[in-house]
Amino acid sequence: MLTVSRSIALPETELTERFLRADGPGGQHVNRTESAVELRFDVVNSPSLPEPVRARLLARRDRRLTDDGVLVIQARRFRDQGRNRDDARERLVEIIRSALEPPKPRIATKPTRASKERRLAGKQQRSRVKQGRSRSWSSE
């Protein structure tokens, strides 16, 4: 079981791991071992996730989320498979934990009178600077 919070734990059967050869440093060793890990978690069909958390995960515009609702995490930071496996699982837990909290609703505000005046004064100043740069055709 992969524990996300007190109420959410993901069973191992919901996680799919695939091991592949990692790029990067390692010499000849990197060509022989499959140390990189690709962790897949089906967000859409997971019975372990509460519905609000699932909705928030799917609403994200995350490039790691496929069109089918599968979250794909690739870990190749370390040179050994065990550490990459742990890294992928930790990243999955962090992604799910970030979806536990509902986003704070945005409260629309109006600009103050002073801020409107400052903005208009800045525009007038910029206009005067640009007018000063142009040649005056009437003086010729």
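Buried residues are those with under 20% relative accessible area, exposed residues those with over 50%, and partly exposed residues those in between (1.4 Å probe, protein chains only). The model is predicted, so local features need pLDDT of at least 70 and side-chain atom pairs count only at pLDDT 80 or more, while totals for chains, interfaces and linings use all residues. Residues are numbered from 1 along each chain as its sequence is written, and side-chain values use heavy atoms, without hydrogens and water.

View A. Helices (H or I, at least four residues) and strands (E, at least two) are DSSP runs, numbered from the N terminus. V53, R54 and L57 are buried in α2. These residues lie on the same side of α2, because they cover an arc of only 100° around the axis, taken from the directions from the helix axis to the C-beta atoms. The buried residues of α2 pack against α3, whereas the face turned away from the buried side carries the exposed residues E51 and A59.

**View B. The largest nonpolar core.** A nonpolar core is a set of buried Ala, Val, Leu, Ile, Met, Phe, Trp, Tyr and Cys residues joined through side-chain atoms within 4.5 Å. This core has 22 residues, of which L10, F41, L49, L57, L92 and I96 touch the most other members. The largest share, five residues, comes from α3.

**View C. The surroundings of I73.** I73 lies in strand β5 and is buried, with a relative accessible area of 1%. Although I73 and L39 are 34 residues apart in sequence, their C-alpha atoms are 5.1 Å apart in space.

Methods. Contact means heavy atoms within 4.5 Å.
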